[in-house]
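Hi,

Here is the structure I promised to pass on.

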Amino acid sequence: MTSPCRSPPILFRPACASYPSPEWAGLFYRAYLDAFSTRPLGPGLSEEGWCQVFTGLEGFRADLCRLLLEGDEPIGYALGAIVAAGGQGPEEEGCISQMGVRPAWRRRGLAGCLLSETMRLFRAEELPYVWLNVNEDNPEARRVYERLGFVRARSFTVYHKEGEPGAPS
């Protein structure tokens, strides 16, 4: 048996302490643009807006982020944060605020490997739970999460005002 995450030339590269440096922000953003290009609303954010939204989250931790590379080319990523459990109280939980794999690299087990690596980071923090959000219309991603032990916790609807980041144009 082989693991695509251990087969060269694909490497996990942790985000450096100075993330979001221009180099790192650009690599993560390039992976985001392509990974979300197949979603119904597309990527939707400029590089500056994307960095603000995802690195500006309360609890964002660069050391909980991973970039999957082939050589110098980003092919997948995951962004991590530690947040208050259930949005309140002293307990903390891990949050995968966003992750994606570029379409040309899908169906090779890379999303599962990336998620497993990110979960390893959260286990090292001794967090009781990790959560993430996934769109109802993304069954491929849901299957990856379910295979790795995630279960549906709740559903919600998101509303946007026209002109806000992430709103349909």
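Below is what turned up on salt bridges.

Before you dig in: this is a predicted model, so local features need pLDDT of at least 70 and side-chain atom pairs count only at pLDDT 80 or more, while totals for chains, interfaces and linings use all residues. Residues are numbered from 1 along each chain as its sequence is written, and side-chain values use heavy atoms, with hydrogens and water left out.

Searching the whole structure gives nine salt bridges (a side-chain nitrogen of Lys or Arg within 4 Å of a carboxyl oxygen of Asp or Glu).

One of them joins E73 and R102, at 2.6 Å from N to O. E73 sits in strand β3 (residues 73–84) and R102 in the loop between β4 (92–101) and α3 (110–124), so this pair ties together parts 29 residues apart in sequence. Helices (H or I, at least four residues) and strands (E, at least two) are DSSP runs, numbered from the N terminus. R102 is buried at 16% relative accessible area, whereas E73 is partly exposed at 31%. (Buried is under 20%, exposed over 50%, partly exposed in between, with a 1.4 Å probe and protein chains only.) Both residues also belong to a salt-bridge network with R30 and D34.

Then there's R152 with E136, whose closest N and O atoms are 2.8 Å apart. R152 comes in the segment after α4 (139–147) and E136 in the loop between β5 (130–132) and α4, so the link spans parts 16 residues apart in sequence. R152 is exposed at 57%, and E136 partly exposed at 49%.

Cheers
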